[in-house]
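Please walk through this structure with me.

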Number of protein chains: 2
Amino acid sequence: MLSIILVEPQLGRNIGSVARAMLNFGLTDLRLVKPRDGWPNPDASSTAAGADSILDNVKLYPSVQEATADLNRTFATTAREHDVIKRVHSPESAIKALYKGWVQEEKLGVLFGNERCGLTSESLSFCEALVKIPSNTNFPSLNLSHAVTIFAYEWRKCHHPCQGDILRTGHTKVAQKRDLMGLFEHLESELDRTSFLSHVEKRPAMVKNIRNMLQRAQLTEQEIRTFRGIITSLVGQRKNISK
Amino acid sequence: MLSIILVEPQLGRNIGSVARAMLNFGLTDLRLVKPRDGWPNPDASSTAAGADSILDNVKLYPSVQEATADLNRTFATTAREHDVIKRVHSPESAIKALYKGWVQEEKLGVLFGNERCGLTSESLSFCEALVKIPSNTNFPSLNLSHAVTIFAYEWRKCHHPCQGDILRTGHTKVAQKRDLMGLFEHLESELDRTSFLSHVEKRPAMVKNIRNMLQRAQLTEQEIRTFRGIITSLVGQRKNISK
């Protein structure tokens, strides 16, 4: 389990936004250390957008020490350069390290400081490593819920690695090459008839270019039929015009 | 350049939050298609937290077609399953694909739908691929600025790949092994004196365990000196007590 620990957060709106981002990515344990405006905070619900289960189960602590006492590993997010000798992670490498702990049934936490000045060096001393979000050096300060979003998103990526870049074809599927060749031959025979491919020397290169162009689209079986219908329709129109 | 295109966004607060997240990660081109409450929108400044340069340079468009006309590649974010035959990316694979385009000097865009119902299938038809943020199937709807944060963060990771997990040592540096051995021998000689290591058969394993434990901490030169000071101090106290 990965706990999100907000140390002295100021705005209820931000706490609600954090709850939403956590639930979006499947995190549920939100811990607050001395929230400025007390708890519960009605402002939080307005931005939680339905993540009430997170807000209802918030755990309150009087100190970082108590908020982290039952955890095995804790990392601290920081935008500033602290003069401490500590490992510094990117969010990705931090989450990968924490995820290894999760596999070994450790309890894990990431600490976030308040909106105005981040975590104190005292808070850092309760953590084994720092995490620095790579950002624009001229405008480095992230919104609290944006920072949590990045960690929750990286956590989800570890938990549910997903294939990127998949062609979703629905009921149909990518055509077999024989169907594609049928389309090409249909198209080329019509283009031979209209003299589009009449230049004997250029014809082989033109044919290859057209085939390459259409191969890139990874046409499905249904789309091959649609495409052939388009050709037939265009040919029909030409025939009608030339009548 | 990667442009962020918000299609019919509703809340000025969200537009401001998007601007902040963009600038945090070095993106600058924000395009709005028919924002519900018009533009400029005073609510945007309150959440932009200083990212006014983004808000001041927002480009307004009457349609997705016009907002994307000068771009070479556009991807559409979606949480819903659309019944379209299209490539579906994760944010990471989408950004990696777009980044390849950037290397070839293409102009790129990612489209985000409005807060209530996302992008229409018509808007999708202006894009070459979809992007689905991996999220909790029971609570999948992200805040608009959180969604943009994830893309901007992935873009930054491509642009500025950073080493995660580095030991920051400041003015000092990780000790040489000879210094570490000096510490070990110092500690072990004192422990021999107090009989902590007096069990002859167990001594070699105990020494190795202590050395392994302290090796894990990757002590710096300064910390070796501090540690030896601690030993001397503890020994002194014992000597004083035993006087």
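A salt bridge is a side-chain nitrogen of Lys or Arg within 4 Å of a carboxyl oxygen of Asp or Glu. By that rule, six salt bridges cross the interface of chain B and chain A. Over all chains the structure holds 30. This is a predicted model, so local features need pLDDT of at least 70 and side-chain atom pairs count only at pLDDT 80 or more, while totals for chains, interfaces and linings use all residues. Residues are numbered from 1 along each chain as its sequence is written, chains are lettered from A and ligands numbered from 1 in the order in which they are written, and side-chain values use heavy atoms, with hydrogens and water left out.

Start with the interface as a whole. Contact means heavy atoms within 4.5 Å. On that basis, 55 residues of chain B touch 55 residues of chain A. The area buried between the two chains is about 4,600 Å². Buried area is the accessible area (1.4 Å probe) that two parts lose on being put together, summed over both. Carbon and sulfur atoms give 50% of this area. Ile85(B), Phe139(B) and Arg168(B) supply 17% of the area that chain B buries against chain A, more than any other three residues.

Polar contacts come next. Such a contact is a pair of N or O atoms within 3.5 Å; within protein, one must be able to donate a hydrogen and the other to accept it, and residues adjacent in sequence count only if both atoms are side-chain atoms. Across the interface, 38 residue pairs are in polar contact, both at pLDDT 80 or more. Which elements of chain B supply at least two residues each to the side that touches chain A? They are helix H1 (12-24), strand E5 (86-89), helix H5 (91-103), H7 and strand E8 (166-168). H7(B) gives the largest share, eight residues. Helices (H or I, at least four residues) and strands (E, at least two) are DSSP runs, numbered from the N terminus. By class, this side of chain B has 21 nonpolar, 21 polar and 13 charged residues.

Now look at the charges between the chains. Lys157(A) forms a salt bridge with Glu92(B), with the closest N and O atoms 3.1 Å apart. Both residues belong to a network of salt bridges that links Glu92(A), Lys96(A), Glu154(A), Lys157(A), Glu92(B), Lys96(B), Glu154(B) and Lys157(B). Is Lys157(B) buried or exposed? Its relative accessible area is 17%, so Lys157(B) is buried. Buried means under 20% relative accessible area, exposed over 50%, partly exposed in between (1.4 Å probe, protein chains only). Lys157(B) sits in helix H7 of chain B. Beyond its neighbours within four places in sequence, Lys157(B) contacts Glu92(A), Glu154(A) and Lys157(A).

A further bridge joins the side chains of Asp165(B) and Arg87(A), at 2.5 Å from N to O. This pair runs between chains, from the loop between H7 and E8 of chain B to strand E5 of chain A. Asp165(B) is partly exposed at 34%, and Arg87(A) is partly exposed at 25%.

Other bridges stay within chain B. Asp70(B) pairs with Arg31(B), the closest N and O atoms being 2.8 Å apart. Asp70(B) lies in the loop between helix H4 (64-68) and strand E4 (73-77), and Arg31(B) in strand E2, so the pair ties together parts that are 39 residues apart in sequence. Arg31(B) is buried at 1% relative accessibility. Glu188(B) and Arg211(B) also form a salt bridge, with closest N and O atoms 2.8 Å apart. That pair links helix H8 (residues 177-193) to helix H9 (residues 203-216) of chain B, 23 residues apart. Glu188(B) is buried at 8%, whereas Arg211(B) is partly exposed at 23%.

Finish with H1(B). Twelve of its 13 residues are buried, so H1(B) is largely enclosed by the rest of the structure. Its buried residues pack against H7 of chain A, together with E1, E2, H2, H3 and H7 of chain B. Thr47(B) lies in H2 and contacts, among others, Gly12(B), Gly16(B) and Arg20(B). After H1(B) comes Gly26(B), with a positive phi near 85°.

Technical notes. Ala, Val, Leu, Ile, Met, Phe, Trp, Tyr, Cys and Pro count as nonpolar, Asp, Glu, Lys and Arg as charged, and the others, Gly among them, as polar.
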